[in-house]
Protein chains: 8
Amino acid sequence: MTSVNGDGGGHAERAGFTDLGFARVDTGREARQGVAECVYAPGKRPAEITAIVGELLSAATGPVLVTRADPETADEVLAAHPGGSYDARARLVTWRPARPRAFSVAVLSAGTADGPVAAEAAAVARAVGLGVGVYRDVGVAGLHRLLDSVGEAQAHQAFIVVAGMEGALASVVGGLVAHPVVAVPTSTGYGAGLEGVTALLAMLSSCAAGLTVVNIDSGFGAAMAAHRIAAAVERGRE
Amino acid sequence: MTSVNGDGGGHAERAGFTDLGFARVDTGREARQGVAECVYAPGKRPAEITAIVGELLSAATGPVLVTRADPETADEVLAAHPGGSYDARARLVTWRPARPRAFSVAVLSAGTADGPVAAEAAAVARAVGLGVGVYRDVGVAGLHRLLDSVGEAQAHQAFIVVAGMEGALASVVGGLVAHPVVAVPTSTGYGAGLEGVTALLAMLSSCAAGLTVVNIDSGFGAAMAAHRIAAAVERGRE
Amino acid sequence: MTSVNGDGGGHAERAGFTDLGFARVDTGREARQGVAECVYAPGKRPAEITAIVGELLSAATGPVLVTRADPETADEVLAAHPGGSYDARARLVTWRPARPRAFSVAVLSAGTADGPVAAEAAAVARAVGLGVGVYRDVGVAGLHRLLDSVGEAQAHQAFIVVAGMEGALASVVGGLVAHPVVAVPTSTGYGAGLEGVTALLAMLSSCAAGLTVVNIDSGFGAAMAAHRIAAAVERGRE
Amino acid sequence: MTSVNGDGGGHAERAGFTDLGFARVDTGREARQGVAECVYAPGKRPAEITAIVGELLSAATGPVLVTRADPETADEVLAAHPGGSYDARARLVTWRPARPRAFSVAVLSAGTADGPVAAEAAAVARAVGLGVGVYRDVGVAGLHRLLDSVGEAQAHQAFIVVAGMEGALASVVGGLVAHPVVAVPTSTGYGAGLEGVTALLAMLSSCAAGLTVVNIDSGFGAAMAAHRIAAAVERGRE
Amino acid sequence: MTSVNGDGGGHAERAGFTDLGFARVDTGREARQGVAECVYAPGKRPAEITAIVGELLSAATGPVLVTRADPETADEVLAAHPGGSYDARARLVTWRPARPRAFSVAVLSAGTADGPVAAEAAAVARAVGLGVGVYRDVGVAGLHRLLDSVGEAQAHQAFIVVAGMEGALASVVGGLVAHPVVAVPTSTGYGAGLEGVTALLAMLSSCAAGLTVVNIDSGFGAAMAAHRIAAAVERGRE
Amino acid sequence: MTSVNGDGGGHAERAGFTDLGFARVDTGREARQGVAECVYAPGKRPAEITAIVGELLSAATGPVLVTRADPETADEVLAAHPGGSYDARARLVTWRPARPRAFSVAVLSAGTADGPVAAEAAAVARAVGLGVGVYRDVGVAGLHRLLDSVGEAQAHQAFIVVAGMEGALASVVGGLVAHPVVAVPTSTGYGAGLEGVTALLAMLSSCAAGLTVVNIDSGFGAAMAAHRIAAAVERGRE
Amino acid sequence: MTSVNGDGGGHAERAGFTDLGFARVDTGREARQGVAECVYAPGKRPAEITAIVGELLSAATGPVLVTRADPETADEVLAAHPGGSYDARARLVTWRPARPRAFSVAVLSAGTADGPVAAEAAAVARAVGLGVGVYRDVGVAGLHRLLDSVGEAQAHQAFIVVAGMEGALASVVGGLVAHPVVAVPTSTGYGAGLEGVTALLAMLSSCAAGLTVVNIDSGFGAAMAAHRIAAAVERGRE
Amino acid sequence: MTSVNGDGGGHAERAGFTDLGFARVDTGREARQGVAECVYAPGKRPAEITAIVGELLSAATGPVLVTRADPETADEVLAAHPGGSYDARARLVTWRPARPRAFSVAVLSAGTADGPVAAEAAAVARAVGLGVGVYRDVGVAGLHRLLDSVGEAQAHQAFIVVAGMEGALASVVGGLVAHPVVAVPTSTGYGAGLEGVTALLAMLSSCAAGLTVVNIDSGFGAAMAAHRIAAAVERGRE
């Protein structure tokens, strides 16, 4: 039991996690899932993030990631732990990106405003070693932009489709390709778009069979889903 | 003031409507809008519908329609007012369909289950004199089915797009054609489709500019919107 | 495939679009739909908007529009591409407005607070060449204000009805006129108005047959719907 | 404390209520509010209703009402307590209706399908002694039907406005008259009407000042609100 | 038709309203409903409000109100039209309050945080000439606070009950008194309170018969409902 | 791994559970939580319930419960496992009810229609050995019915408050007593009651501190919460 | 263009699809995605299904599936096309199941009532050639049931997790394994479960990184997602 | 009746409460429920809070609490009433904390971002005399962190489980322990987390029997529920 008075004084090592008092760092996750615990920045103080990253850098051997980090937080944590890099558009801080793996993912986005979410998906995928092909602004209002690219994009092993508003791009792509398709609804839009809920519901209701969906704006979640698929492919090769 | 005790004993003619007691038939609507008041069957008793239709047949000169009529209701009303016809798939009873007008509408539907709504749109459009081209089962999961037809369909003057689930067909069509597009969300689907609400929200959030939307499953509303557009075209020719 | 590292370095021309790296400008849209792709400003950086506008000005021959632009963005983009103008109330930047077409639209708004949305509808309609008649503050709480104007307004070829709160104006207008009516719910109001969702649902549930509806606060969408109808009328005259 | 085993064996009189075991009949309500407790039939067994009615008939001196009663229930309860009457359209059973009071209410309904709710409002109002004027089918799609009646209707002391779909009738009436207006949304409609929720929200968001609203389909609630207003008027005369 | 270019240049008098260009002031409302049109400040520019108030002050003879006005707006409008007063807690600007009428209303509020809404109800009621009794902080968590006051409060002719969170106060008051009760849900609370929607739904679902409800936080709406009831009582005395 | 072909052929005992193929009976739950796993009947076939009950009767020593059982299911399962009993109002089948424990709970319900949920709470509480006091029909529309009983009811150790519609009873009771109060919203009501969601949200938003809430209509959940509290009291006595 | 009058008279072959009049069978889907178009039975008439299946059996060479088929429909279609089989629990009709592929999926379900959805997932997966391991009733209320199985289950290449109510099983499994996890929310539960919407939202909000989600009750969708992953693994082996 | 003009001039003592004009302080609550009325800071002015706290400090003898206080408010109130203390993370001001009681509660939180809510639960529990054990960051994505602590935590008499996102921790804990479990959903998360509504619904739908739930982010409510349980245990010891 950690004390309620001291906010993080302790540093206890136990089976599979380190107790920093304010956080229990899951030190077994890299062994269990191939990537160390990723740190979601919102709601955490920079000092807390710094301490968690320090623990992860020493307990793990591969990539360490902080997601949704604003520039100030990134600066502070990178100052304490040099050697990492910050992707401002993706809001991602990364240390020790993984070596390239024989699996790449096509990241398609419907509009320019979906860019930050697509950037997060691409940056996280690269950090965990996946190849990435980016196809921006291929929304269905100008269908030829998509049709022009979809043949080339099928050289990748999986698709991440990022779209807001009505999210129709996911259905169209899902109908054209045989690959795993992870759809990411975004909060782009207004009014009836309901902050991304409409795109989310639409993607879940897609007429294209076998689409899967992650949370609104979760480029991170889509990349981690691709990581899981990549791991399955790697195991399949053994 | 009609009496609360007697349910329809009266039959009073006033400026622009006839008071049947249980209903005030808007006898001026044909002059005002080109089509007499249409009778929405649910919640009305067959005897009430019969009386209203009788009034409309005498007060108007053009088509008279009863929508969402089940077969029993249709039989009873048609027995009282012969000369009409019933379209079971569209659930529509029609008397005195209008003469063909120089305006036709393409009705596209995404899946076979959207058929009854598309049928209502087509039947109402024909009843008010519009030409109709029907393109069924052109949903985006097999995009080539749509692309095969969309060129031909552009010979029509307007589009009605009927789709449930995620409703993506409306966006794709809206991006391909320059015509007025009236989107009809349907309650086809399950779970996250939320009885048609998802398709409705998605169509309203479409990335294709200038789409308009009517109520869920309202083939009738879409056809009447087409009627309004046709009237504008006709006035434009004068 | 564009590179994920370079944010917009490329400038590739392909069939029907130009790939700026961060955006694929749909250069075929003017030919396809009569108006070039319109740029929705939120979520895009001024430099991105500037580049897209530049591409559109060279690839298209008619009007180029940026919607929902704040004054700073407008200034920056207009400085790069002189000759346009900014309508602050409508938040619209326009270059090369279209020549007047033989089609005009009546824009009715329910209350003073609905003004910006009505202004966007009017400004976009004018930019694409439509005539516009504006009837402000004709909400149903003082019905005589509407009845005073509706006769005159019927000289136009179509109606755009802008209303927040309960959106009743759309139903009343829809019952009075035979024209195409495009209803725009606004986020005016509070509490049970649910940021415009109530007006949206009410307009979709209207008892007036043949109303169509666009997204909340989308004066742009309504004007583009009018543009589609105008094009149908123009084709009908040929 | 009543026993959980015996479902209604007891019959205990206490200050202001009688404990029937399965129900505590509020015998003080007539003195407190002018009308005895009204029995809402759904979820109660006919035998339970019969016992409660018996208690009310002996403890109160004025009208006794059972609302939302289906014909079978009404028959069974009326057989046990003769002298009452059943209004099938209003689904109301009444014993000892009150003597006419010097207050009457205009009940307006938008469409024929709103009839049962309007009938409940009218029947309950009459049972508690109010005069009632019924104006049916005056929805805003044919505004002249309303304008024809609204002058006459203002001879009443209050308005009850019953409307489904988008509920616009309430706003229009609220803007025309100076009377108290109680709006009753109904579940008439489909799709975006959301089982009456849209009309409810629209009436609450009305641009007409001073409208009040009761629950969906609650003709009973509106009549009881009128009863409260009538009592205020009666006290005002003293 | 007002011009879209000039924002308010015109000043046209027509039957029952004055057209300021940006607004149509309903000059007939005082005669129709006993109180001139009230100005809802949000979404209007101070100069617009000033012009409308000027028109109302000249066209009407009784009270003129601006609701939801922030201090800056109030200062600017009062500077242009001296003689009014501003109630900061109620956010109300008033000119020429009505003479006291023989009708008073009890305003009960559940918690201290509901104070601004109760203050708006009280201030508007006073401005239109009603007497007001204020009973603050009588929420049901300490029921004796309510029971201590409810006897005294029944000397008023109507009740306005203001409550957020679960809104239970309305049901309890509705069960205790025979008066008209207008319930005002407030946005006080958090989480499951859903910005006042929970209190709204709860008040509409109340087990106390004959409660009526207005929009969330609408102290104004409740006071205007009381004004309508007061008018009915006054007519009843004649 | 159980086979997908055979639906329940297996009967494997493992640490803490028995694998029946179609179900894994948690045989350790009685030791872990004081009551064996309870069987929720909907969605299970009678034969499945019979098999599970058989396993529980042999693996556990205390009470075995089947909840939400319709009469046909109850008959079939009781025929296979005699010695149990069925409470039709509570829809509960019970074998081997626990011996009375020194802890009792007051079950208060707001209206007669809330009876079945209150009956389930009472029956489950008794089955697990708790004393039960039932106070029916004490809703706040007649507050004196509650005030008459609440003193006596405080002799119990905890309260379960069952209410639909607006659920105000929970707040009032929570303000009067110092006991643990478990609130059960019910689906009693219509329209704005939203099938119990309104009562649920209202109870969660209660102004009375320390109320807790269970799922809609879950008399079972409330009784099990009381069981957990009783166990804490029993451990406190040791 | 197919005729609106004749419902299915035509049989036209075009590039990539066959037009049956009432349906356009996507004959290219097997080549494009590895499995022929699957027929969703609800909303289609048995004769329509029979015709579509006939077309698919001749145009494709691999498995043909009809999902959500009730027994009567299954009988009728199987009578017309012998050689298929019906799985009543999964509501699936299958012809020509695929040969076993070197990829298997673990299907875990939380409770017995989730059985039909898990059965559909398993049956569809088998029909398209995947191996399946079924782990039933491993919900988190008895965590040891899951922990007992999860090691063994990791021998499979992907996980499908089927759970209703709060859907917590998906998060727990997602935290334990490195595999692709496709979560299927079910409509099991009541009240706050909101017909599966709660489980859906919870799975999308999971704290376990890289989970993906399909529509409520869509065992079919999950199996098709597994098929897409299996295909990626197969391509990875080449 | 307090005056609407003077905002708090009065100071009247009545049976069980003190009327400060702007608030009625429930001076009987400490006797009734063991803890004086707690002051919820949002929506109250610092001067109002200061006055209420002054009244409570003189009328009660035990702890006095102000919840959700920002630092500025805390400073101002503490300056007026020295001797209290402020817990910035819990946003709680406390005077005269209660003496330790023989009851302690385990507070478990799922993630670091849930810290403030857990801190409020812990701080309020301590203020009212309960022992507290804090177990942070034990979310189910790393289940071993929870399993490591849950044995030790069972030495407490009750559990408070604080979790956002999908809230699965509550179900897992509820299945492992026999204690009363009060679940607190938090607004941690984004998108489909719906500001805590998803966690709320999930906890209410939990498959673990006997969980109870409080409002989103209400650490205060959970601690007060624990206080009620502690009081029941204390009474049980007598």
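Chain D and chain F bury about 2300 Å² between them, and carbon and sulfur atoms give 48% of that. Buried area here is the accessible area (1.4 Å probe) that two parts lose on being put together, summed over both. This is a predicted model, where local features need pLDDT of at least 70, side-chain atom pairs count only at pLDDT 80 or more, and totals for chains, interfaces and linings use all residues. Residues are numbered from 1 along each chain as its sequence is written, chains are lettered from A and ligands numbered from 1 in the order in which they are written, and side-chain values use heavy atoms, with hydrogens and water left out.

Who touches whom in this pair? On the chain D side, 30 residues are in contact with 24 residues of chain F, contact meaning heavy atoms within 4.5 Å. The elements of chain D that give two or more residues to that side are α1 (29-33) and α7 (197-204); helices (H or I, at least four residues) and strands (E, at least two) are DSSP runs, numbered from the N terminus. By class, the chain D side splits into 11 nonpolar, 8 polar and 11 charged residues. In that scheme Ala, Val, Leu, Ile, Met, Phe, Trp, Tyr, Cys and Pro are nonpolar, Asp, Glu, Lys and Arg are charged, and the others, Gly among them, are polar.

Now for chain A and chain G. A rotation of 180° with 0.0 Å of shift along its axis puts chain A on chain G, with an RMSD of 0.0 Å, and that is the relation of a two-fold axis. In chain A, the C-alpha nearest the axis belongs to Val233(A), 2.2 Å away from it. The superposition is by least squares on the C-alpha atoms of residues with pLDDT of at least 70 in both copies. Because 100% of the interface residues of chain A are also interface residues in chain G, the copies meet through the same surface.

Here are the two interfaces, pair by pair.

| Pair | Buried area | On carbon and sulfur | Salt bridges | Polar contacts |
|---|---|---|---|---|
| Chain A and chain G | about 2800 Å² | 55% | 0 salt bridges | 19 residue pairs |
| Chain D and chain F | about 2300 Å² | 48% | 1 salt bridge | 11 residue pairs |

A polar contact is a pair of N or O atoms within 3.5 Å; within protein, one must be able to donate a hydrogen and the other to accept it, and residues adjacent in sequence count only if both atoms are side-chain atoms. A salt bridge is a side-chain nitrogen of Lys or Arg within 4 Å of a carboxyl oxygen of Asp or Glu.

Between chain D and chain F, Glu37(D) forms a salt bridge with Arg145(F), with the closest N and O atoms 3.8 Å apart. Over all chains, the search finds 60 salt bridges. Within chain A, Arg68(A) bridges to Glu120(A), the closest N and O atoms being 3.4 Å apart. That pair links distant parts of the chain, 52 residues apart: Arg68(A) is in the loop between β5 (64-67) and α3 (71-80), and Glu120(A) is in helix α4 (residues 115-127).

Not every pair of chains meets. No contact joins chain A and chain D, whose closest C-alpha atoms lie 13 Å apart. Chain C and chain F don't touch either, and their nearest C-alpha atoms are 13 Å apart.
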